[in-house]
Amino acid sequence: MIELKNIRHWIFDLDNTLYPNTTNLFDKIDDLMCQFIEENLSVSKEEALKIKNTYFHDHGTTLNGLMKKHDIDPDKFLEFVHDIDYTLLNKDEELGIQIEKLPGEKVIFTNGTRKHAKKVTERLGIEKHFTKMFDIVDSKFMPKPEVEPYHLLISTHNLDPKKSIFFEDIAKNLLPAHNLGMKTAWIENDDSYCKEGYDGKHVHYKVKNLIDFLTEINKNIN
């Protein structure tokens with residue numbers, strides 16, 4: 001962990017990274033995506049689910065596929081799918097303590113919206129620790145793992161990739177970060193899509209528990 005002593009930009013994905021996927025919060029967003037597709041494309045529930053999954057795998061996000069294939073208004077989609085019950089998340093004091101101890105600035109880099117990120121971090125009680133956020137609107141609706149959002153993140157917030165580490169639950173999203181010189185940490189999970197490429201050289205750390213990992217970092221660099 002001593003090799004992380006020079007890190008000054010701690011970059012975190014949001015969903016299923018800052019909170020465990022066992023909360024099932026993102027499942028609620030998934031359900032609303034299917035409902036949106038069903039209503040706006042006039043398809044069955046079964047077809048809506050198929051479209052959602054196909055576009056996600058082929059285009060990085062379901063939204064990206066809907067924009068390319070059906071000229072869907074991204075703002076309308078994002079507002080609809082993030083209308084969820086955030087009380088599924090509880091305050092995480094220990095996570096806040098460990099994030100606060102990290103030397104340097106903390107950044108959220110998400111394929112979701114800034115509004116969604118603020119609601120999530122507020123529920124977790126960690127919003128005050130994040131001075132910068134970069135969302136899907138900032139990336140001009142280009143999702144991770146396309147490389148352009150990473151360049152935009154770096155230039156917009158004046159980040160030094162050599163002094164950055166990126167935490168993310170989808171392993172392939174770490175590849176552009178690695179190629180740009182960042183350290184990378186994969187939040188372990190059993191989803192086949194998220195695991196794809198997890199054993200590659202672009203994944204520097206495998207994290208079973210984020211709080212435990214951050215605690216270990218802080219013990220070694222502070």
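**Close-ups of a predicted model**

**View 1. Helices H1 and H3 side by side.** Helix H1 (residues 25-41) packs against helix H3 (residues 62-70) at an angle of about 10°, and their axes are 12 Å apart. Helices here are DSSP runs (H or I, at least four residues), numbered from the N terminus; axes are lines fitted to C-alpha atoms over the stretch in contact, with angles running from 0 to 180 degrees between N-to-C directions. That makes H1 roughly parallel to H3 (angles under 35 degrees). On the H1 side, Met33, Ile37 and Leu41 meet Thr62, Leu66 and His70 of H3 (contact: heavy atoms within 4.5 Å). Sorted by type, the residues of this contact are four nonpolar, two polar and no charged.

Numbering starts from 1 along each chain, and side-chain values use heavy atoms, leaving out hydrogens and water.

View 2. The chain is assigned domain 1 (2-19 + 89-219) and domain 2 (25-82), with bounds from an automatic or database assignment. Their centres, taken over C-alpha atoms, are 24 Å apart.

**View 3. Around Leu18.** Skipping neighbours within four places in sequence, Leu18 is in contact with residues including Phe12, Asp13, Leu95, Ile126 and Leu210.

Terms used
Predicted model: local features only at pLDDT ≥ 70, side-chain atom pairs only at ≥ 80, totals over all residues. Helix = DSSP H or I, 4+ residues; strand = E, 2+ residues; numbered from the N terminus. Parallel < 35°, antiparallel > 145°, perpendicular 65-115°, else oblique. Nonpolar A, V, L, I, M, F, W, Y, C, P; charged D, E, K, R; others polar.
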